[in-house]
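Q: I'd like to look closely at one part of this structure, but I need to get my bearings before that. Could you walk me through it in plain words?

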Amino acid sequence: MIDIVISNTSGIPIYQQILDQISAQIIKGEMHPGDSLPAIRTAAKELRISVITVKKAWEELERAGLIYSMVGKGCFVAELSGGDLSEKRNELFGRRMDKDFAYYKELGLSLEEIIKAIEARYR
Amino acid sequence: MDMLKVTNLNKRYEKFHLKDVSFTLDKGYIMGFIGANGAGKTTTLKSILGLVHADSGEISVLGNDFAQNEMALKQQIGFMFGGVDYYAKQRMSAVTDVVRRFYQTWDDAEYQRCLKKFDLDENKKIEELSDGMKVKYALTLALSHKAELFLLDEPTSGLDPVARDELLELFQELIEDGDRSILFSTHITSDLEKCADFITYIENGRIVASETKDDLIAMYRIVKGAKNELERIRPNLISYKKHSFGFTGLIKTDNLPGGMDLVAEAPTLEEIMIYHAKKEADNETAVI
């Protein structure tokens with residue numbers, strides 16, 4: 001079963017939080033091709049969020065090619081090869097990096113400072 | 001599919017005018033109906049049911065015109081209006097015995113199941129019920145006659161946080177299979193932040209917006225800035241409040257100017273309401 005933890009105070013839209021978490025679980029191989037996702041309405045009830053929000057997260061996952069839907073049966077993790085997965089991983093990583101880097105530049109950090117900070121945290 | 005469609009509803013009272021109220025509620029969703037006291041929430045809900053006779057407008061339920069199919073459609077609607085206490089001295093069982101006669105679709109087994117689920121004792125008198133139990137009793141009646149559309153006027157007011165949370169969870173359970181819809185009015189907007197799929201916002205008898213909750217919130221931004229920036233942005237603001245260090249205002253996301261040193265963040269439903277109400281108040285002052 002998948003894990004989803006929602007924060008109401010993080011400022012990140014709820015559908016985005018769900019999207020990020022499920023994407024990560026698929027990419028890390030914690031969810032496998034063909035695994036079913038919970039029904040939209042069940043997920044909404046369990047997470048105490050609106051049906052529309054869950055629907056949006058599922059739609060985005062489908063658009064990203066991470067899941068597919070079968071009418072009347074629900075949604076399933078897509079058949080992705082190792083290559084596909086690392087491509088998706090790079091894509092998500094790149095998008096987040098763009099956002100974070102824009103902020104670092106705004107703060108006026110130099111490349112050296114950024115690299116040093118990343119190295120310190122990676123250890 | 002449309003569960004409920006309200007088109008150009010008008011009702012004129014001496015001092016209040018419900019003007020061209022239109023919105024649609026899809027099957028399988030929860031819609032929160034928000035607005036200040038006196039904005040027209042109860043009048044709208046009562047007009048939908050024909051308890052208030054609208055001057056003009058059309059109501060359709062499940063694709064059928066309400067005026068022409070009133071008896072049949074009322075079988076499919078469960079409703080609850082605050083302050084209606086049935087016969088306070090009677091037992092629930094006696095009230096049920098009266099209510100069940102109005103519904104061809106009444107299901108006694110379902111009624112018993114709901115009583116048990118909600119922990120209601122039929123032998124209690126209406127006056128002995130807490131506010132939370134009254135709502136549950138109204139829902140029990142509605143579920144027992146297989147209602148698909150629930151019209152609830154302020155069902156959460158008067159409930160403590162625990163009872164409110166329990167009720168909202170129940171609402172989500174009711175729509176889980178996608179066959180029922182709930183339209184409920186409230187001025188406790190935090191009730192809606194989580195569970196509502198759609199929000200219809202009424203102010204002074206007019207619909208300001210009827211959108212998915214996520215879209216409604218995305219339509220607006222709260223902006224904060226220093227005093228010297230207020231002049232430039234003032235024409236774009238819906239309304240604003242000044243304080244000693246700067247200002248806070250509500251703006252349509254589309255009207256957000258670039259190139260200014262402003263903090264813009266997503267508003268809560270409450271903030272959207274507060275700044276719209278402030279705009280109304282400012283306009284009235286301007287007229288005087």
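How many helices and strands are there in chain A? And then the part I want to zoom in on: how many residues of strand 8 of chain B are buried?

A: Happy to! Residues are numbered from 1 along each chain as its sequence is written, while chains get letters from A and ligands get numbers from 1, in the order they are written. You're looking at a predicted model, where local features need pLDDT of at least 70 and side-chain atom pairs count only at pLDDT 80 or more, though totals for chains, interfaces and linings use all residues.

Chain A has 5 helices and 2 strands. Both kinds of element are DSSP runs numbered from the N terminus: a helix is H or I with at least four residues, a strand is E with at least two. Walking from the N terminus, the order is α-α-α-β-β-α-α. The C-alpha trace of chain A spans about 55 × 35 × 25 Å along its principal axes, and 23% of its 123 residues count as buried. "Buried" is a neighbour count: 20 or more other C-beta atoms lie within 10 Å of the residue's own, with 12 or fewer meaning exposed, anything in between partly exposed, and C-beta atoms placed from the backbone.

Chain A also touches chain B, using 10 residues of its own and 13 from chain B; a contact means C-beta atoms, placed from the backbone, within 7 Å. On chain A's side, helix 2 (40-47) and helix 3 (51-63) each give two or more residues, with helix 2 giving the most, 4 residues.

Now for strand 8 (residues 181-186) of chain B: 6 of its 6 residues are buried. One face carries Ser181(B), Leu183(B) and Ser185(B), the other Ile182(B), Phe184(B) and Thr186(B), and both faces are covered.

What sits beside strand 8 of chain B? Strand 3 (residues 30-34) of chain B runs parallel to strand 8 and is joined to it by 5 bridges; DSSP needs at least two bridges to call two strands paired. Here Met31(B) stands opposite Leu183(B). Strand 7 (residues 149-153) of chain B is also parallel to strand 8, again with 5 bridges, and Leu152(B) has Phe184(B) as its bridge partner. Strand 7, helix 6 (residues 161-174) and strand 8 of chain B form a right-handed β-α-β unit: with the strands pointing away from you, the path from the first strand over the helix to the second runs clockwise.

In soluble globular proteins, nonpolar side chains tend to be buried together. Leaving out residues up to four places away in sequence, Leu183(B) touches Leu4(B), Leu25(B), Met31(B), Phe33(B), Phe150(B) and Leu151(B).

Definitions and conventions:
Contact = placed C-beta atoms within 7 Å.
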